[in-house]
Each structure stands twice: as structure tokens, then as C-alpha cells.
Amino acid sequence: MKTAGMQRTDHEILQAVRDELDWTPDVDAARIGVAVDHGGVTLTGEVPSYTERVAATRAALRVHGVLALADELIVNPPAAGILTDSTIAQAIEHAFEYAGTLPSTVKATVSHGRVTLTGTADWNYERAQARRLVRGIKGARDVLDLIELTPRASADATSKRIHAALLRNAALDAQSIHVTAEGTRVKLTGTVRSIAERRQAELAAWADPNVTAVDNQLLVAP
Amino acid sequence: MTPSGTVVSDRQIQQHVQDELRWTPDVDAAGIGVAVEDGAVRLSGRVDSYIERVAAVRAALRVRGVSTLVDDLEVRRPVGGAVTDASIAEAMEHGLSWSTEVPATVQATVRDGVVTLRGEVDWDHQRAAARRIAEHVGGVREIRNRITLSLRASAEETASSVRRALRRNALLAGTDIHVAVTGTRVTLTGAVRTELARRQAISAAWGSPNVTAIEDRLTVTSDV
């Protein structure tokens, strides 16, 4: 069975994304518009929560043949679910405290339900954790992550170490991924088979202790 | 460097898992023991938080050649008296009540750092969301997810609709998964390339409105 490598038409991708949104229990597909152009998917419409927006984008991204995604979904909570900004901010502050693992400089400010994260983190995973904690909070419409990374020294063998991490990863074909490092900035080029693989490669690069920026230019070639 | 398709020795897998744990910034690899037998990895030792435990298991599972994993990790009891069962219960209450994903039917009880989740929900992803909330609370040492799914009717087309969902998935392209359905119980059999692909197959099956149980007989192998 060799479907991989076969080019899918935009029409087939459109149908598959619609089916996947329909199939995804935490998404109300009727509210979401889907357009496809050369494998690039655009989602439009209004959803009632930020978690549903994330669920919808993930559903589209896992469909075979999807190469890129433009997320134009708007979160519009039902009138009964609208909370004041200060209530939401307080809930986020508590969630951070209870987790106990985030740097104390990381703060959330809320304006019209839109959450902005600021502060300084030692690692990219801490930023990801902060975003994850905010995402599921009632009333949050959007999350803007402006958390900065503490400066780091550059190192000699950065690209070699990242390449070794790519080789260890079962999901990746490291031969088709090229890593270049300039100081603490890393660029990934080449091809991967899916958007999930693209993300795995980027996370591997972020794990390096001498990296402050990852420019992910990997192309998806299913 | 081992090209995919060839067999990796247990010794190499052990080395790669240790390297990956060291490489993973949210894991303190020094406290973690790694043993490998026929591609099955056993992690033992102590970590500082439940979220670190989750990160360690994920790190090991993404390494090429790892087929299964036994998680014998323990989460250390927090030192000092700041974290108590009462404070964990308070954090769970806060997390559950503020969640957009978890219905109000879900309750958490805490004893000796062990969180037990109970209640009935309509979908598996709601159970998973409740578990994720517990994973992020400091002081949690163990999570018991006893949340049940509400009853569902069986349907003729369950097997074919699950198969279509598997076929749509980019990570499962070219893999051959057998889907068998008895009533509302689905059995998935076959080989997938990665742990990530295995998880996607299972969550694809949970998307069906006519499934209440999934038997996972999938194997992870780089030979697919």
C-alpha cells in the first residue's frame, strides 16, 4: 500500500480536512470555513473557546497532504461565558502558582480576553508550559507569548549536537534535514514527511543549551 | 548512526535513551536509571515533579528502536510543608473549575500526593484534559484516572469510519492498521513507525461517537 508520495489535489485535501473537523469531538465543524490552495489550508469562522480553536487547527494539521495552515479563526465566547479581564488574570496567576515550575518573572496580562505573556525564561519548554496553562482557562480568547529567553553563550558544536538529536528521533529522517548554526541562532532546512515531524525537529533544536532562536524552514513533502 | 530498517542493539538503545534524557532540558537525567531488553525500556529512579516524569517518558519513547516502555519512576515527596494534600486538592479544584474542556461532573480527591479523578464524561479527550490538569500541579506524585465514559449506542459503520479517520492521518500514511469492532469496543492491530503515530491512531479511534473502549495491540517498529 503506497499512498505516500502520491500528490493529493486541493479538492481531496479540502474534503479530508472537512471530514477530520467533523470527526473531531471537541470541534463544531459547522462554524468553521475551510479553504485549500496548493496544500495550504485556511480556517475561518468563530469558535466559542480558545481550546476549540487549538483543537481545530490541530485537526487540520494532522491531515495527510496538508502542507501549511493559516489560522484565521476568531474566539467569541458565548455571552454567559464572558468574564472580566481581572478575573481571568487572577485565574491564570493561580494556575502558575499551583504549577510551581514557572520562572517567577513570567506574568500574564489580560485585555478584552486576550492574554499576553511577558517575562524571562531559561528554556523554551517553560514558555510552552506557560502557554499550555493559559490555553484551557475559561474566558481566554487568544494567547500572545512575548516571554524572552535569557541570553546564552554560543558554542562550537551546536549544529552537530542537534543533528545527533535528530538522528535519535524515531519520527525523523535526519538525512533530509540540514542544521546550520550562526552564534546562538539555528536554521533548519530540508524536507520532512509531515507537520508533526516538522515540529519534532524544531523541539529537538530548542533543547540545545546554546540556542536562543530557531528558524524552521523545513518543507513538508508528504 | 544506524539507518532505519536495521536492528539496533539494546546497548545502543540504552545509550541513545540516556543521551536523549540528558538532552531534554525539563528532565534531570542524573536521577534516572535506564534498562533495555529487546527494545523495551524501563525507567527507574526519582524525579522532582509529575510533569518531569511525563517529560522523561516522552523523551525515552521518541528514541529510535524503543518499542515499549515501563515507567517505574517515582515522584519525590516535596520537601518542606508548603505542598500538602489540601493544597493539591485546592489546585485541582481551581484547575478543573477553570477548564474549558473538563465538564463539571469530574471530581478530584487527593491522598498522600495521589490524585484520583472520578466522574462521567461524554468524550475521551475530556478525560485526557482532566489528567493533564493533574500533571501540571506541583506535589502530585501519582494520577489515577477513574473517569468513565457515558454509555453509547453501537453502530454499523464504526469500523469503516475509524478506518477512514486513520487513512486521513499524515503520520499513518502507508501503515496498515487492522480495525475490528465488537459492539462499542475497537481493537487496533498492526505496526506503526513511532509512538507519536500510535497515539494519533488511538485518538483517531476515540473520535468515533460509538466507541467506549479501545484495545491497543499496535506495535512500534522502525521497520514499517
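The model under discussion is a predicted one. In it, β9(A) and β10(A), the latter spanning residues 185-192, pair in the antiparallel sense over 6 bridges.

Within it, His178(A) stands opposite Thr189(A) in β10(A). The two strands form a hairpin, with 2 residues between them. In the turn, Gly183(A) has a positive phi of about 65°. Strand β9 of chain A, residues 177-182, also shows alternating side chains. Ile177(A), Val179(A) and Ala181(A) point to one face and are buried.

I turn now to the domains. For chain A, the domain assignment gives domain 1 (10-75), domain 2 (81-149) and domain 3 (158-220). Taken over C-alpha atoms, the centres of domain 2 of chain A and domain 3 of chain A are separated by 27 Å. For chain B, the assignment gives domain 1 (10-75), domain 2 (85-149) and domain 3 (158-220). Here the C-alpha centres of domain 1 of chain B and domain 2 of chain B lie 25 Å apart. The contact between these two domains takes 5 residues from domain 1 of chain B and 5 residues from domain 2 of chain B. On the domain 1 side, helix α2 of chain B, residues 50-61, gives the most, with 3 residues. By class, that side has 4 nonpolar, 1 polar and no charged residues.

Next, a sheet in chain B. This is an open sheet of 3 strands, in the order β4-β5-β7, with mixed pairing. Its edge strands are β4 (107-111) and β7 (142-145) of chain B, each of which pairs on one side only. On average, and ignoring direction, neighbouring strands of this sheet are turned by 20° against each other. β4(B) pairs with strand β5 of chain B, residues 114-118, in the antiparallel sense over 5 bridges. Within this pair, Ala108(B) has Leu117(B) in β5(B) as its bridge partner. Two helices meet these strands. α3(B) lies across β4 and β5 of chain B and runs at about 165° to β4(B). α4(B) packs on the sheet, touching β4, β5 and β7 of chain B, and its direction makes about 165° with that of β7(B).

Finally, I come to the contact between the chains. It takes 41 residues from chain B and 41 residues from chain A. On the chain B side, the elements that give two or more residues are α1 (10-23), α3 (85-98), α4 (124-135), α5 (158-168) and α6 (195-206). By class, this side of chain B has 15 nonpolar, 16 polar and 10 charged residues.

Why is α6(B) described as largely enclosed by the rest of the structure? The reason is that 9 of its 12 residues are buried. Among them are Glu195(B), Arg198(B), Gln200(B) and Trp206(B).

Methods: Residues are numbered from 1 along each chain as its sequence is written. Chains are lettered from A and ligands numbered from 1 in the order in which they are written. This is a predicted model: local features need pLDDT of at least 70, side-chain atom pairs count only at pLDDT 80 or more; totals for chains, interfaces and linings use all residues. Two residues are in contact if their C-beta atoms, placed from the backbone, lie within 7 Å. Helices (H or I, at least four residues) and strands (E, at least two) are DSSP runs, numbered from the N terminus. Ala, Val, Leu, Ile, Met, Phe, Trp, Tyr, Cys and Pro count as nonpolar, Asp, Glu, Lys and Arg as charged, and the others, Gly among them, as polar. A residue is buried if 20 or more other C-beta atoms lie within 10 Å of its own, exposed if 12 or fewer, and partly exposed in between; C-beta atoms are placed from the backbone. Two strands pair if DSSP finds at least two bridges between them. Axes are lines fitted to C-alpha atoms, for helices over the stretch in contact, and angles run from 0 to 180 degrees between N-to-C directions. Domain bounds come from an automatic or database domain assignment.
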